[in-house]
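Colleague: I have the model open beside its sequence. Could you take me through it?

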Amino acid sequence: ADDIRGMGGQVYVVFGGSGIGSTDLSTLNGTNGVVLQGQHRLTDSDDPDHPDFTFADSAGASVAYAGDVNGDGRLDLFVTNWMAETCNLFLQGAGGVYEDQAVRYGVAADGLLMEGWGAQFFDVDADGLVDLFVANGHLEENDSKGGRMPPHLFRNRDGQKLALVGSPTVGSYFKKQYLGRSVAVWDWNRDGRQDLVVSHTTDPVAMLTNRTVDAGHAISLRLIGTQCERDSTGTLVTLSVGDRLLVRELVSGDGYAATNERKLYFGLGPQSDNVNLDVSWPNGTSQRFADLASDVEYVLIQGRTDAIPVRGSNPNPATVAQQP
């Protein structure tokens, strides 16, 4: 903790990027970024034996973590920055090394004239590929550098590009400009689609309801630890359906002044049956839940031998195998 004293950090994300049984901490301090990590203590990631970020000299404002942008099973990191500085899209590679791919994925140019704040990965159409929302806006409305700015929604195109979507396609909210700030993801109406809530400095809070037509199937999970912390931060869940693998992690801290609904969401696209889950809890224990139904929300309690359906029209009981 001595490594971040006096740095004035404004965004923290706690995650298990080093592997099960460890906890990593990413912080942005308004001038540059630093990553701390450790299994039993936090150490500076300048250590070559630990995963590392290479940060440009930029003033990071917000973090959207726990999004597997390219579908490789590794969790990636998006960072917003001040106006005239590009955002960062850090894709995690082998060995836990992160590389900025903002230019390649198309988000650098679109964010250059924006001042980004809250940002979230979420799955708009439940196809299993995470999309990206960014709230933009300058410090003050009468600022000489611009003031109000439009929000941005980037759709994930086959894990190869994040494409900015125009306002006629996504709703009236995107036709206006705001002094955007924090963003959080939740399913407020419990219809199985992820919604957003966005705060602004001079406008009321906006609750953006996801009304995507022909969205795919999905499954959502609430996790309760009994042999680890009850909130289960750092739990890693791998979902398999057909020949497809999806990875999600329950993190603590979800960007600028926001915490998302404490559950994991998996969009499945057209696949709907024989969903299997491998759950790796933070204390190192593992469980497998087999043959779950889609379009159901389950509660998973560590050590319990069944998945508890709490929402959905066709919940099938899951069988579970305890693993050492």
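Modeller: Buried residues make up 53% of the 324 residues in the protein, where buried means under 20% relative accessible area with a 1.4 Å probe and protein chains only, exposed means over 50%, and partly exposed lies in between. This is a predicted model, in which local features need pLDDT of at least 70 and side-chain atom pairs count only at pLDDT 80 or more, while totals for chains, interfaces and linings use all residues. Residues are numbered from 1 along each chain as its sequence is written, and side-chain values use heavy atoms, with hydrogens and water left out.

Colleague: How many helices and strands are there in the protein?

Modeller: The protein has two helices and 24 strands. These are DSSP runs numbered from the N terminus, with helices being H or I of at least four residues and strands being E of at least two.

Colleague: And what share of the contacts join residues at least 24 apart?

Modeller: Among contacts between residues at least 6 apart in sequence, 51% join residues at least 24 apart. Contact here means heavy atoms within 4.5 Å.

Colleague: Which residues touch the most other members in the largest nonpolar core?

Modeller: They are L221, L239, F266, L277, Y298 and L300, in a core of 23 residues. The elements that give two or more residues to this core are β16 (217-224), β17 (236-241), β19 (264-269), β20 (275-280), β21 (286-292) and β22 (296-301). Apart from it lies another core, of 17 residues, with L89, L91, A102 and Y105 among them. A nonpolar core is a set of buried Ala, Val, Leu, Ile, Met, Phe, Trp, Tyr and Cys residues joined through side-chain atoms within 4.5 Å.

Colleague: Back to L239: what is it in contact with?

Modeller: Leaving aside neighbours within four places in sequence, the contacts of L239 include I219, F266, L268, V275 and L277.

Colleague: Which strands pair with β17?

Modeller: β17 pairs in the antiparallel sense with β18 (residues 244-249) over six bridges, and with β20, also antiparallel, over five bridges. Two strands pair if DSSP finds at least two bridges between them. V237 stands opposite R248 in β18 and opposite V279 in β20.

Colleague: What lies between β17 and β18?

Modeller: β17 and β18 form a hairpin with two residues between them, and G242 in the turn has a positive phi of about 60°.

Colleague: Which residues other than glycine have a positive phi?

Modeller: A126 is one of them, at about 55°, and S232 is another, with phi near 65°. A126 is found in the loop between β9 and β10, and S232 in the loop between β16 and β17.

Colleague: Are those two buried or exposed?

Modeller: A126 is buried, with a relative accessible area of 1%. S232 counts as buried because its relative accessibility is 0%.

Colleague: Changing topic, where is D68, and what does its side chain reach?

Modeller: D68 sits in the loop between β5 and β6, and it is buried, with a relative accessible area of 4%. Its side chain reaches the backbone nitrogen of G73 at 2.8 Å, and a polar atom of that side chain lies 3.2 Å from the backbone nitrogen of D72. D68 also touches V130 and V247, among others.

Colleague: How far apart are D68 and Q92?

Modeller: They are 24 residues apart in sequence and 8.8 Å apart in space, C-alpha to C-alpha. Q92 is found in strand β7 (residues 88-92) and counts as buried because its relative accessibility is 11%. The side chain of Q92 makes a polar contact with the side chain of Y98 at 3.2 Å. A polar contact is a pair of N or O atoms within 3.5 Å; within protein, one must be able to donate a hydrogen and the other to accept it, and residues adjacent in sequence count only if both atoms are side-chain atoms.

Colleague: What volume does the largest pocket have, and which residues are closest to its centre?

Modeller: The largest pocket has a volume of about 560 Å³. Of the 33 residues that line it, V185, Q194, K263, L264 and Y265 are the closest to its centre. On a 1 Å grid over the protein atoms alone, a pocket is an open set of points with protein on both sides within 12 Å along at least five of seven lines, a cavity is a set of points where a 1.4 Å probe fits but cannot get out, and lining residues have an atom within 4 Å of a point. Grid points are joined across faces, edges and corners, and a volume is the space filled by probe spheres set on the points.
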